[in-house]
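Subject: Structure for you to look at

Hello,

Here is the structure I promised to pass on. Please open it beside this message and follow along as you read.

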Amino acid sequence: MDRAVFPSSSTSTSERLRSVLRPAGLFFAGAAATLVALELALRLFPVSVGLYQTEQVEARPLRTYQAHLPFTYSMTWEMRDVRHGWTNNYGQLAPFDYVPGSRPVIVVGDSYIESQMNDYRDTLQGYLGNMLRAREPVYGLGVSGMSMADYLALAHQASAEFAPRAAVFLVVDGDTSGSLIDQPGYHYFRQTADGLKLTLHRGSLHPLLRRVRQSMGDIYLFRYATRNLRFTFPALGSVFREAKAGVAAPTDREAAEQYAVIDRFLADLPGQSGIEPHCVAFLLDADRYAIYDPRLASATLDLPQARAYLMRRAAELGYRVADLEPLFRAHFKRYRRHFDYYPFDRHLNSLGHRLAAEQAYDLFDGGRCLGGAAVDARSRVDFASRGRP
Amino acid sequence: MLFNSYEFIYGFLPVTALLFFALSSSGRATLAAGCLGLASVFFYAYWSPRYTLLLLASITANYFMGRGILRLRDQQRSRDGRLLLTAAIVFNLGLLAYYKYANFFVDTLNALAATGLQVERIVLPIGISFFTFTQIAYLVDAYQGKARESNPVHYLLFVSYFPHLIAGPILHHSEMMPQFADRRIYRFDVTNFGIGATFFFIGLFKKVVLADGVQPFVGPVFDADPSYPLTFLEAWLGALAYTVQLYFDFSGYSDMAIGLSKLFNIDLPLNFNSPYKSHNIVEFWRRWHMTLSRFLRDYLYIPLGGNRHGPLRRHGNLMVTMLLGGLWHGAGWNFVVWGGLHGLYLVCNHGWRGFRARVLGQDLERQTVPGRVSGIALTFLAVVTAWVFFRAPSLPAAFNILQGMAGLHGVVLPEEWQATLAPGGAAVLAFGYLQAFGGTRQMVWVAVLLAMAWGLPNSQEFVVWLRTSVISRAGAYVAQSRSWSMLGALSVLISLLAMINGSRGVSEFIYFNF
């Protein structure tokens, strides 16, 4: 028997203590040396790093990240599709600063619009800006993890900061249901006696913990685990719970809550953003994997009926709405190209963003929202290349 | 529960090891073995509580039938023993036939005779092929007097032992029962633990990094609509990607099983020995899924007559063995074709060897370098071709890939290469969009993994080197210290691999389907 682990009763206390401490010390020394070696090795690779959150929670989501800092993005364990970039003066991922009071067209969304995985020119806002030939500035306002509740708050902040003339919202799965989830640093709709109330969960991280978290952000191994591998300790715990839990069928209450979120959002948006509904476009994303192969269809976070309700209600209220599903389906049928980083990442790639931008442009075509520039711009857009693979 | 999952690595394994060694250290060897057996049953039940009853029923029935066979043998009632053995084999094969082949049989009958029979889709109980074969071997050996096991705890552990239960290696009682009875395994040995953890790490690395890394390039080719004409490059790169994926997936699983077992001081038989380095197909089967080859040889090929009745009978026996071996892998005509192809390869190989020895008078042991290289290349080519049937979801899909590999759908290069290879346009080169081509990344993946399979030492060679050159070379005290440090390092690396695996969601092992 290995005495180091199971010392006999005849040994003295100090010997027993040593027989436990020595292996433990050697074990942790081996572990520590490996951690250091991994950290040094990862520093040679394009790990997803940068993008430090601001400490002023009230400034979110417009100013979520610290301004004028470089970042590196890569996806999956093998660090695919590396991108380098900078945050601008508002902490948004754009290669130029946003100008207060500039009356831009704003493009709002979550990580799909933040679009770390694409070069700026390959994003919806990049394409749209190119289509408008910079006559009207186009500002992308996107932060990973946002929902409709955050979009509303963001529209309000953008209204005060830029007085935008038009807005494009890219609505993806989870935006509606996510608006009811209370998460630190994000807005959500809280149920009150008077109905849904837009609320910001400020979070109450101790300054010391905040500093520790900031420092952890400089550790490549930590960033690799949390960003490239998307590891979280709660997710680790949920593995054991999910094994038994399964997926519950949606309830009537859930549907009612999601309808209420949509109603509230659509009702408040004009007032919060200062933009008339006909100058607001909603682009609804689709389950693109199901388009590639029906067997890949997956359960959605937002109820399908809620998605349909959003389209119907928004149109009734005068918003401009486009379902990207038929567009993607027709394009895929013709060209067999993916609109995302299938099978690794569902975020839109350059093609997906371009098609979305073209759709947004079409929605505003001939409107007054773009200050009359749309007609001029349209004549200069190379329409021969529209819909190309 | 998968070996590469969080719940296994952070939940099941540490708890089981702690319980086992706690009971072992207090001298309760039988209790420790029982604990390991129960943990194994829990491991199985985590996947499907319903089929756990099937597993336990199979173990119980076979244990008592084995005892009955032994008793009849002791009483020299050979005829009754043979009857009981036959009944026991029918029972085992009946279970296997029902759960694995009923749907296949009915579908085939419906297709051939338009009978229109309806049978509900039967879910394959995971590991049934493995625990059935393991027990059939035990029963046959009990009848022949080679096996004598009366300890029900050891028998339960022998069949259900979690490292091998789901996808092998296929165990033989003669190599397991003596170990379970050996008091020396009921102790904590840091050196064995270090070796086991090293094997486990290598296996996990093969699975998570190598097999799952190349896996995304396989589906677009094999799952493509058979009406899509796969071009030369797409078909070859897809077939090669699967060739390396399967090897690293299955050998990774086997390494993990061997490593896990070594943590408990129990040696499992090796299952792989660099099969793609084989010079001929006979050698390939001595290196690939070695425990299945052993089983098929000892319990099918030799009882059929082996090579004892002349070359013609031998070839027939080889074909039958490989066809059934193919069918063992799965209930589908693809597997039958795959097994048949390998049977044919073996027949050709034996025929060629006989021709060289008898007609040409060559010494088969002597090989020139060109001969060795061409042997490896030809064997590999044959194996890759057969894998197409093994992986393809249907025969039309397999033929589509093979036609692509033969160049019948044209040789088209990806359009993104045009700017480099033919900037002005070249009439001899065709460029286009290849939907099943994974880009340069796929080519690099396949090339690197093939280089590893051909050029690097295998897991056991590496561990032997580690043990002899690094650990055991020093004195016992230093060796122990190194083992502890190595365990610390491996725990970090295994955690990292678990995170990488977790980042992808569920990633099952290919052989779980068999």
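First, the ground rules. This is a predicted model, in which local features need pLDDT of at least 70 and side-chain atom pairs count only at pLDDT 80 or more, while totals for chains, interfaces and linings use all residues. Residues are numbered from 1 along each chain as its sequence is written, chains are lettered from A and ligands numbered from 1 in the order in which they are written, and side-chain values use heavy atoms, with hydrogens and water left out.

**Cavities**

Rolling a probe the size of a water molecule over the atoms shows where empty space is left. Here a cavity is a set of points, on a 1 Å grid over the protein atoms alone, where a 1.4 Å probe fits but cannot get out, and its lining residues have an atom within 4 Å of a point. Grid points are joined across faces, edges and corners, and the volume is the space filled by probe spheres set on the points. That gives four cavities of 30 Å³ or more.

The largest cavity has a volume of about 60 Å³. Its lining has 14 residues, and those nearest the centre are B:S251, B:D255, B:N271, B:F272 and B:Q460. In chain B, α11 (232-263) and α20 (459-471) each supply at least two lining residues, with α11(B) giving the most, five. (Helices are DSSP runs of H or I with at least four residues, strands are runs of E with at least two, and both are numbered from the N terminus.) By class, this lining has four nonpolar, eight polar and two charged residues. For these classes, Ala, Val, Leu, Ile, Met, Phe, Trp, Tyr, Cys and Pro count as nonpolar, Asp, Glu, Lys and Arg as charged, and the others, Gly among them, as polar.

The second largest cavity has a volume of about 50 Å³. Helix α13 (residues 290-304) of chain B gives the largest share of its lining, five residues. By class, the lining of the second largest cavity divides into five nonpolar, two polar and two charged residues.

With 2% relative accessibility, B:L171 counts as buried (buried means under 20% relative accessible area, exposed over 50%, partly exposed in between, with a 1.4 Å probe and protein chains only). The C-alpha atoms of B:L171 and B:L268 are separated by 7.5 Å, although the two are 97 residues apart along the chain.

**Cores**

In soluble globular proteins, nonpolar side chains tend to be buried together. A nonpolar core here is a set of buried Ala, Val, Leu, Ile, Met, Phe, Trp, Tyr and Cys residues joined through side-chain atoms within 4.5 Å. The largest such core has 190 residues, and those with the most contacts inside it are B:F3, B:F8, B:F162, B:F264, B:W288 and B:W387. α11(B) gives the most to this core, with 18 residues. Apart from it lies another core of 86 residues, including A:Y112 and A:L355.

**A hairpin in chain A**

Strand β1 (residues 70-75) of chain A is mostly covered, with five of its six residues buried. β1(A) pairs with strand β2 (residues 80-86) of chain A in the antiparallel sense over five bridges (pairing needs at least two DSSP bridges). A:Y73 has A:R83 as its bridge partner in β2(A). Four residues lie between the strands of this hairpin, where A:T76 takes a positive phi near 65°.

**Backbone spots to check**

Most residues other than glycine have a negative phi, and most peptide bonds are trans. A:R103 has a positive phi near 55° and is partly exposed, at 40% relative accessible area. A:R336 has a positive phi near 60° and lies in the loop between α11 (324-335) and β10 of chain A.

The peptide bond from A:R60 to A:P61 is cis, with omega near 5°, and A:P61 is found in the loop between α1 and β1 of chain A. Another cis peptide bond joins A:Y342 and A:P343, with omega about 0°.

Best wishes

Notes: On a 1 Å grid over the protein atoms alone, a cavity is a set of points where a 1.4 Å probe fits but cannot get out, and a pocket is an open set with protein on both sides within 12 Å along at least five of seven lines; lining residues have an atom within 4 Å of a point.
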